[in-house]
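My notebook is open and I have a list of things to look up. I'll jot each one down as I go.

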Amino acid sequence: MPAVESNMFPLGKEAPSFELVNAVDGKTVRLEDIKSDVATVIMFICNHCPYVKHVQHELVRLANDYQPKGVTFVAINSNDVEKYPEDSPENMKKVAEELGYPFPYLFDETQEVAKAYQAACTPDFYIFDRDLKCVYRGQLDDSRPNNGIPVTGESIRAALDALLNGEPVPEKQKPSIGCSIKWKE
């Protein structure tokens, strides 16, 4: 299956609101309740995609490094679980617990949230500032499965460091590349 690139959500656009269930604990999570006064990172991921599997451990490191600095992280799975049962909420919970996800892992059953964010692939990353305005969208870093480049989270880390230091986030941003979101028919 060919890789798909991010749609590159417009910089400066406000984060669309959402209210989704956390597959790990069954609680409802609202963007307004978890948004940060520093930065909010929203990640569209899933369980089965090799591009996501390639970066899962870095997602945990990244969140563990930046949550103490006031950054909020949330992951969303919007895939069609009838066709991709590995991405079911039950399996989301298993993966989150096995890997120790330190962030909510939300299920977007209707796929409305993915559409609102113009998400195209897994993984797909967005960073919003304290006012929930988009300051970054695109890749985690230059690493891809089998390209030999180490997974460091460099692109996201640079954007978060800029925000934390009161500097502008570089506008030159590379799209993420991964599996397409598995849309319902």
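I started with H5 and looked up its buried residues: Ser155, Ile156, Arg157, Ala159, Leu160 and Ala162. Here "buried" means under 20% relative accessible area, "exposed" means over 50%, and "partly exposed" is in between, with a 1.4 Å probe and protein chains only. Helices (H or I, at least four residues) and strands (E, at least two) are DSSP runs, numbered from the N terminus. I noted for myself that this is a predicted model, where local features need pLDDT of at least 70, side-chain atom pairs count only at pLDDT 80 or more, and totals for chains, interfaces and linings use all residues. Residues are numbered from 1 along each chain as its sequence is written, and side-chain values use heavy atoms, with hydrogens and water left out.

Next I asked what the buried residues of H5 pack against. I found E4, H2, E5, E8 and strand E9 (134–138), where contact means heavy atoms within 4.5 Å. Just after H5, I saw that glycine 166 has a positive phi of about 70°.

Then I moved to H2. Its 17 residues (50–66) should span 24 Å at 1.5 Å a residue, and the end C-alpha atoms are 25 Å apart, so the two agree. The expected span is 1.5 Å times one less than the number of residues. I also found a kink of about 45° in H2, centred on glutamine 56. The bend at a residue is the angle between axes fitted to the seven residues ending there and the seven starting there.

Gln56 is also on my list of buried residues in H2, along with Val52, Val55, Glu58, Leu59, Val60, Leu62, Ala63 and Tyr66. Among the elements covering them are helix H3 (89–99), strand E5 (71–77) and helix H5 (154–164).

On a 1 Å grid over the protein atoms alone, a cavity is a set of points where a 1.4 Å probe fits but cannot get out; a pocket is an open set with protein on both sides within 12 Å along at least five of seven lines; lining residues have an atom within 4 Å of a point. Grid points are joined across faces, edges and corners, and a volume is the space filled by probe spheres set on the points.

The largest cavity is about 70 Å³. H2 gives the most to its lining, with three residues. Tyr51, His54, Val55 and Pro123 are among the lining residues.

I looked up proline 123 again: the peptide bond from threonine 122 to it is cis, with omega near 0°. Proline 123 lies in the loop between E7 and E8.

The largest pocket holds about 190 Å³. H5 supplies the largest share of the lining, four residues. Ser155 and Ala159 are among the lining residues.

Glutamine 118 has phi near 60° and is partly exposed at 28%. Asparagine 146, in the loop between E9 and H5, has phi near 70° and is exposed at 83%.
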